[in-house]
Amino acid sequence: MSPRVLTVTLNPAIDQTVRLDTLEPGHVHRAGRSRDDAGGKGINVAACLADWGVPTTALGVIGVDNEAVFRGLFELRGIADACLRVPGLTRTNIKLVERDGRTTDINLPGLCLDAGALNAVGQRLAALLTPQMPVVLSGSLPAGLPPTGWAQLQAQVQAAGARVLLDSSGPALVAALDGESVPFAVKPNRHELEAWTGQSLDDREAVLDAGRALLARGVSLVAISMGSDGALFLDRSGALLARPPRLADGSTVGAGDAMVAGIAASLLEPSFDLAGCAQRATAFSMSRLHSGDARRLDPAQVRAWAGEVQIERVA
């Protein structure tokens, strides 16, 4: 089956979760249990889209020495695997989770890529692109690539008539927004948007102004996540605030990726509606939080909760 959405993850990770009673620095610990999960922002997006029933292809770069966990996820969830394999180990993010829920993160270094690897990803991308296809460029750039890495792939996608949905941060986000080609859609959080504007966005009006500046720059759809305050969605029709009807407890890891998946799913609808997109994307995020797994959501739950998302027109 041909993919309807592509996700690109240049810096994926294996999330190793280790559970123990209490972390005491300088002491030996006996872990209760440990599990490894294929992760990285674009990988999470692909898994959520697969749960929603969207044929999705995952493209990116994986180290051959620990690829099995990614291969297992792709096979289990029916995600088409177009990832480039390179020598070495995909980075591991270790999460030490104590009995009370307190978590200590240890992020190990990952692969170092060069222009040749980026060009190889671009060649695979070119073979999969179709007009209007949503293409999610998601996450950080690995060591060895310049901040323009996403901008390079973005220009390629746009030239093919497909639509980039960008979710990155720091210099990579700034380079992709300030280049000759801009993404079709972008989903920064408030702090990531501050990196682009170069100023603090202390209130909703300031965030709205930054979102409007992105529209003026040529971006067609802007979604700005603001944590417990909800998310702002803007396009040429105006702006609205989407608030979940309830807040979930536990880790928020993957909630933003689920929101990106909800936006990508909305772009596939025959007639795009900003309010409908905001409701679906917020419900995707809520379901991810409820599942307790950064790679899982419940479609029936999403459909039920989407209608409960509170929508407020703000412009």
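Let's start with helix H2. H2 lies across strands E2 and E3. It runs at about 70° to E3. Keep in mind throughout that this is a predicted model.

Now the sheet under discussion. Four strands make it up, in the order E3-E2-E7-E8. The sheet is open, and its pairing is mixed. Which strands stand at the edges? They are E3, residues 33-39, and E8, residues 103-107. Each has a single partner strand, so one side of each is left without a neighbour in the sheet. From one strand to the next, the twist averages 20°.

Look inside that sheet at one pair. E2 covers residues 13-19, and E7 covers residues 92-97. The two run parallel, joined by six bridges.

H1 is residues 41-52 and H2 is residues 68-77. They pack at an angle of about 20°, and their axes are 10 Å apart. How do we class that? Angles under 35 degrees count as roughly parallel, and H1 and H2 are therefore roughly parallel to each other. H1 passes H2 in a left-handed crossing. Who makes the contact? From H1, we have Ile-43, Ala-47, Ala-50 and Asp-51. From H2, we have Phe-70, Leu-73, Phe-74 and Arg-77. Sort those by class and you get six nonpolar, no polar and two charged residues.

Next, strand E4, residues 56-63. Is E4 mostly covered or mostly open? Mostly covered: eight of its eight residues are buried. Let's take the faces in turn. In a regular strand the side chains alternate between the two faces of the sheet. On one side of E4 sit Thr-56, Ala-58, Gly-60 and Ile-62. On the other sit Thr-57, Leu-59, Val-61 and Gly-63. Every one of those is buried, so both faces of E4 are covered.

What does E4 pair with? One partner is E1. E1 and E4 pair in the parallel sense, over five bridges. In that pairing, Val-8 has Leu-59 of E4 as its bridge partner. Another partner is E5, residues 80-81. Two bridges join E4 to E5, and these strands also run parallel. There, Thr-57 is bridged to Ala-80 in E5.

Thr-7 is found in E1, residues 5-9. Is Thr-7 buried or exposed? Buried means under 20% relative accessible area. Thr-7 has 0%, so it is buried. What is around it? Leave aside neighbours within four places in sequence. Then Thr-7 is in contact with Thr-56, Thr-57, Ala-58 and Leu-59, among others. Its contacts also include Gly-42, Val-45, Ala-46 and Val-136.

Most residues other than glycine have a negative phi. Gln-132 has a positive phi of about 75°, although it is not a glycine. Where is Gln-132? It is found in the loop between helix H3, 115-128, and strand E9, 134-138. At 47% relative accessibility, Gln-132 counts as partly exposed.

Now Gly-149. Its place is in helix H4, residues 149-159. Gly-149 counts as buried, at 0% relative accessibility. Not counting residues up to four places away in sequence, Gly-149 touches Leu-118 and Leu-141. One distance to note takes us down the chain. Gly-149 and Trp-196 are 47 residues apart along the chain, and their C-alpha atoms are separated by 17 Å.

H6 is residues 190-197, and H7 is residues 204-217. Their axes are 11 Å apart, and they pack at an angle of about 60°. That makes H6 and H7 oblique to each other. The crossing of H6 past H7 is left-handed. From H6, the contact uses Arg-190, Leu-193, Trp-196 and Thr-197. Those meet Val-207, Ala-210, Gly-211, Ala-213 and Leu-214 in H7. By class, that contact has six nonpolar, two polar and one charged residue.

To wrap up, two things to find on screen. Find E4, with both faces covered. Then find Gln-132, with its positive phi.

Technical notes. Residues are numbered from 1 along each chain as its sequence is written. This is a predicted model: local features need pLDDT of at least 70, side-chain atom pairs count only at pLDDT 80 or more; totals for chains, interfaces and linings use all residues. Side-chain values use heavy atoms; hydrogens and water are left out. Buried means under 20% relative accessible area, exposed over 50%, partly exposed in between (1.4 Å probe, protein chains only). Contact means heavy atoms within 4.5 Å. Axes are lines fitted to C-alpha atoms, for helices over the stretch in contact, and angles run from 0 to 180 degrees between N-to-C directions. Angles under 35 degrees count as roughly parallel, over 145 as roughly antiparallel, 65 to 115 as roughly perpendicular and the rest as oblique. A crossing is left-handed if the near helix is turned anticlockwise from the far one by less than a right angle, and right-handed if clockwise. Ala, Val, Leu, Ile, Met, Phe, Trp, Tyr, Cys and Pro count as nonpolar, Asp, Glu, Lys and Arg as charged, and the others, Gly among them, as polar. Two strands pair if DSSP finds at least two bridges between them.
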